[in-house]
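Have the sequence and the 3D view at hand as you read.

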Number of protein chains: 2
Amino acid sequence: MEKWRAADRLLKFSSRFASAVNWNNSCKSKQGKYFYSVATTVHRNPLFSIISPDDISYFKTLLGERGVVQDALALDAANTDWMGKYRGSSKLLLQPKNTEEVSQILKYCNSRCLAVVPQGGNTGLVGGSVPVFDEVIINVGLMRNILSFDKVIVSGVLVCEAGCILENLISFLDDEGFIMPLDLGAKGSCQIGGNVSTNAGGLRLLRYGSLHGSVLGLEAVLANGTVLDMLGTLRKDNTGYDLKHLFIGSEGSLGIVTKVSILTPPKLSSVNIAFLACEDYTSCQKLLLEAKKKLGGILSAFEFLDSDAMSLVSSTTFLGTENHGQEVIKDKHGQDFTSIDLRALPLEFWYSYASGSIFMENLEAFLLHSVESGLVANGVLAQDINQASSFWHIREGLPEALMKAGAVYKYDLSLPLEKMYDLVEEMRVQIGPAAKVVAYGHLGDGNLHLNISAPAYDDNILAKIEPFVYEWTSKNRGSISAEHGLGLMKAAKIHYSKSPETVQVMASIKKLLDPNGILNPYKVLPSSLLSQN
Amino acid sequence: MEKWRAADRLLKFSSRFASAVNWNNSCKSKQGKYFYSVATTVHRNPLFSIISPDDISYFKTLLGERGVVQDALALDAANTDWMGKYRGSSKLLLQPKNTEEVSQILKYCNSRCLAVVPQGGNTGLVGGSVPVFDEVIINVGLMRNILSFDKVIVSGVLVCEAGCILENLISFLDDEGFIMPLDLGAKGSCQIGGNVSTNAGGLRLLRYGSLHGSVLGLEAVLANGTVLDMLGTLRKDNTGYDLKHLFIGSEGSLGIVTKVSILTPPKLSSVNIAFLACEDYTSCQKLLLEAKKKLGGILSAFEFLDSDAMSLVSSTTFLGTENHGQEVIKDKHGQDFTSIDLRALPLEFWYSYASGSIFMENLEAFLLHSVESGLVANGVLAQDINQASSFWHIREGLPEALMKAGAVYKYDLSLPLEKMYDLVEEMRVQIGPAAKVVAYGHLGDGNLHLNISAPAYDDNILAKIEPFVYEWTSKNRGSISAEHGLGLMKAAKIHYSKSPETVQVMASIKKLLDPNGILNPYKVLPSSLLSQN
Ligand SMILES: Cc1cc2nc3c(=O)[nH]c(=O)nc-3n(C[C@H](O)[C@H](O)[C@H](O)COP(=O)(O)OP(=O)(O)OC[C@H]3O[C@@H](n4cnc5c(N)ncnc54)[C@H](O)[C@@H]3O)c2cc1C
Ligand SMILES: Cc1cc2nc3c(=O)[nH]c(=O)nc-3n(C[C@H](O)[C@H](O)[C@H](O)COP(=O)(O)OP(=O)(O)OC[C@H]3O[C@@H](n4cnc5c(N)ncnc54)[C@H](O)[C@@H]3O)c2cc1C
């Protein structure tokens with residue numbers, strides 16, 4: 001671990017030099033947002049070819065004009081990540097229409113040694129979905145067919161192409177009486193292939209578990225164009241190694257996911273959600289334990305946001321503020337659904353609770369008891385679907401609210417529950433008044449989203465955050481990426497969470513499946529390991 | 001697929017010649033039980049060394065006398081599988097006490113090219129846990145410590161050594177107010193390391209999902225002695241490829257599992273179980289669908305057994321029979337808990353249903369409705385814990401009852417629910433009166449245990465079963481191994497369920513992690529693929 005710490009340096013990245021070896025350790029980036037830090041200098045791999053007119057002709061013949069995007073505006077969007085923090089300079093975006101085309105593209109790129117970056121909805125938060133230099137962008141967004149849905153036998157097995165937008169799948173299932181086992185704020189843009197490739201967690205993991213449990217099968221295309229048909233729809237299949245798990249969470253570095261088969265649970269007959277305020281983090285944590293004990297299997301989410309997160313979200317367009325010592329929470333349509341005395345409460349959190357209506361009594365009894373015992377200081381139970389979605393809107397609006405507030409350093413950590421908020425408090429001390437530390441996350445899963453919000457990106461702030469945050473997490477046996485993945489941001493930081501032997505095996509698997517390293521280079525694993533022989 | 005089908009041959013295996021190339025295609029085995037079929041001839045790999053006195057000395061120095069077992073009786077047990085169907089001729093059983101010893105053993109065996117077979121409780125049903133020839137048996141049964149259990153934060157994360165017996169873990173958790181997410185008939189003998197290595201399914205998968213979802217971390221030792229510390233205890237950790245999944249279900253062919261970290265759900269405040277009889281399979285299937293719809297998340301198991309299974313189990317010591325046109329079901333202590341007119345019912349099945357007591361009303365309403373609508377012809381709801389365990393006893397006693405009835409050909413299939421029983425019926429026609437076809441299984445997971453019970457093993461019977469059963473399953477897009485794995489029995493049959501490209505990648509991963517192929521040779525993958533370069 002020492003060696004990575006020693007190598008830690010602040011680097012800025014300006015898009016103007018993107019296709020050259022343009023990493024500069026000292027000069028300050030002009031564009032504050034095109035900024036990031038990596039643990040070690042990244043150079044363009046000189047073994048990769050540069051796109052030629054012949055390549056373009058080949059792709060046009062293969063995909064037709066529509067499948068070959070060279071338009072500047074479209075490329076600019078595809079080169080820039082959701083946060084505006086990472087930016088590549090790819091000259092080519094390919095849009096295959098089926099698995100065969102993906103296979104042909106990769107076969108060709110592999111033989112030509114053209115590096116590629118698979119891109120889904122481009123909502124990833126670790127710089128994994130955009131090129132670092134001039135990699136060819138491959139987006140399966142045109143592959144958005146639902147191939148089958150098995151509701152007759154109540155198995156809820158959905159088979160679809162990888163380019164389906166998560167929200168579209170959610171609506172489709174809603175009509176069928178089912179839900180997706182995952183849900184997240186980026187649902188309107190992210191693709192199921194991207195979700196699988198990042199092993200996205202989200203708001204329902206507490207109840208429905210991770211994608212390693214609910215994905216039943218995949219189709220993926222390897223770097224050399226080989227199509228791996230692992231698209232089983234069976235709940236149980238113990239015939240050989242379960243290879244699909246290698247692709248779940250491999251962030252496009254082992255193959256392009258083209259089809260997904262996923263187990264979807266039936267829709268709940270009713271969903272109840274409460275938004276509660278606790279005096280401090282300890283009460284919040286105790287409340288989670290009580291809820292787990294008392295509500296058990298019917299608890300479907302337990303999210304939290306602290307008071308800094310709450311003020312942030314209420315000062316944005318999402319929520320209106322009225323100044324009577326009380327904050328009136330409104331949703332974006334201006335609907336005023338309740339008022340909670342936010343100022344009196346050092347911490348707010350909310351939790352959602354899903355169940356059949358027969359359990360409403362149980363929930364009410366639980367809440368009453370929690371108020372009586374002092375765990376809950378204040379709170380509100382959604383009275384209808386509109387209120388419920390307003391509650392969700394607050395939580396789901398946080399990443400966007402942070403974006404609007406300026407520069408944001410995002411850390412996505414798994415930590416032992418009892419230690420989680422200590423980090424937030426230590427970080428506040430560490431950073432001082434220069435930036436705001438905003439915490440929220442999937443408390444029920446032990447997942448903290450730690451955000452440091454500043455007016456602009458600033459090396460001095462970053463130097464106070466890293467490696468402190470990684471060292472703290474590692475020391476407390478946490479994970480430096482709970483759900484967002486490593487991408488470019490944390491490729492060289494993997495040793496904070498994984499043993500050297502394990503990382504070494506990962507690197508050999510990468511080399512086995514992608515010997516030329518064309519798939520999403522510079523991401524996930526330290527480049528130093530991949531260039532070793 | 002054609003090539004495997006063409007290569008299908010019946011082989012018998014006599015233990016007397018076990019260390020020689022002793023596969024004989026034509027002579028009938030004298031010992032009916034030491035019999036099995038593989039798809040292709042298996043030869044001892046001549047590259048493997050033969051154990052020498054020096055090897056023994058090395059192991060004695062490393063492990064002490066207790067760790068090196070050469071006693072004939074103990075070796076005989078360890079050489080023979082649970083069914084008495086597979087038998088090896090190993091001369092050495094090693095019992096390491098910790099990971100470091102496992103690592104030293106493997107490092108040594110790898111350098112000497114000594115083949116090994118990891119063995120747990122030896123309850124596997126596909127010949128995977130016993131040597132084929134003279135492989136060294138490694139059993140981690142002395143590594144049976146519970147390392148930690150995190151109940152304070154209601155996460156229910158259990159970390160233990162791989163040699164822990166499943167039943168001991170179940171009792172330990174019971175005292176703590178938690179349960180294991182898996183349970184199976186062999187719990188008194190099987191080890192958690194064996195469960196993980198076979199990706200065991202069992203009786204609770206319907207509710208708690210597969211081990212790919214609930215195992216949070218593993219420690220495993222590779223063929224060259226490298227210890228892979230993947231023993232995370234976090235619910236979420238997206239830092240690199242999730243390698244533990246390679247070991248879950250790899251049947252000891254990629255590494256020896258030494259530690260397991262597993263998420264355990266809290267104990268349910270009450271568990272209700274009903275034993276119901278349906279007129280036919282169609283009603284049985286419909287009932288499952290209704291139960292899934294109406295009982296949703298609280299349904300924890302839905303098992304089924306057909307009338308042949310029911311007669312078998314009631315004719316063994318498990319259950320007494322009284323002849324008044326009614327069969328009185330007794331448990332093994334002679335407790336008579338109910339009477340069901342079995343004869344009037346072409347099919348019986350039972351299902352278990354776990355919930356908090358508040359749901360009892362719901363269950364009763366559901367059962368009443370099912371009787372009224374004709375789906376359920378008869379049934380009984382357990383009145384107390386003794387009755388409940390008697391019901392489970394019937395189901396869990398089936399494998400043993402079959403063993404007592406003579407020779408048994410076991411097939412463990414995943415099939416589309418609506419087709420599942422067609423196979424049973426076609427098999428009955430196919431086999432005729434020579435053998436009895438007995439069906440039971442985890443209906444809720446689409447998992448059929450198809451058993452062909454005959455007085456003795458007989459080539460003519462086998463020829464009627466295979467490849468018919470595999471072809472039928474493959475044609476219906478099922479899995480030829482839902483939960484038992486491939487072992488030796490189905491190593492060469494993998495193509496019935498997996499595509500050639502996928503199998504090829506499995507073989508390259510095997511070669512990557514175990515270049516000398518010392519770990520559980522002849523199992524899981526077709527030998528032909530592993531010897532290729
Ligand atoms: C507002 C907001 C809220 C979010 N909330 C959550 C949350 O609650 N939980 C959570 O886990 N994440 C969350 N995220 C981040 C999350 O990773 C993404 O939202 C999502 O899973 C990525 O999907 P995508 O299609 O946008 O993939 P992209 O961002 O395009 O790509 C992500 C990674 O996957 C790879 N990839 C994409 N598609 C494929 C494919 N078909 N085959 C192979 N590789 C591919 C890319 O190369 C890249 O490495 C959030 C993001 C935002 C902006
Ligand atoms: C009565 C009965 C009921 C059963 N019911 C079910 C059921 O409901 N569901 C189900 O899935 N299975 C069932 N099984 C079979 C099931 O595979 C085993 O019961 C169990 O999972 C195997 O555990 P074991 O410790 O006995 O492993 P073994 O039988 O000793 O070994 C099984 C395989 O795992 C490997 N292995 C064992 N330990 C390790 C280790 N530490 N590291 C690496 N590899 C190892 C072996 O090499 C072998 O390939 C049943 C078996 C019986 C006899």
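In sorting residues by class, Ala, Val, Leu, Ile, Met, Phe, Trp, Tyr, Cys and Pro count as nonpolar, Asp, Glu, Lys and Arg as charged, and the others, Gly among them, as polar. By that scheme, the shell around ligand 2 holds eleven nonpolar, 22 polar and two charged residues. The model is predicted, so local features need pLDDT of at least 70 and side-chain atom pairs pLDDT 80 or more, while totals for chains, interfaces and linings use all residues. Residues are numbered from 1 along each chain as written, chains are lettered from A and ligands numbered from 1 in written order, and side-chain values use heavy atoms, without hydrogens and water.

Where does ligand 2 lie? Domain 1 (2-141 + 511-531) and domain 2 (146-263) of chain B, with bounds from an automatic or database assignment, both contribute to its shell, so ligand 2 lies between them. Among secondary-structure elements (DSSP runs: helices H or I of at least four residues, strands E of at least two, numbered from the N terminus), β3 (116-119), α6 (192-198) and β9 (256-263) of chain B each supply at least two shell residues. The most come from α6(B), with five.

Now look at the polar contacts (N or O pairs within 3.5 Å). A polar side-chain atom of Glu483(B) sits 2.8 Å from a nitrogen atom of ligand 2. Taken alone, ligand 2 exposes 970 Å² (Shrake-Rupley method, 1.4 Å probe), and the protein buries 97% of that.

How values were computed
A polar contact is a pair of N or O atoms within 3.5 Å; within protein, one must be able to donate a hydrogen and the other to accept it, and residues adjacent in sequence count only if both atoms are side-chain atoms.
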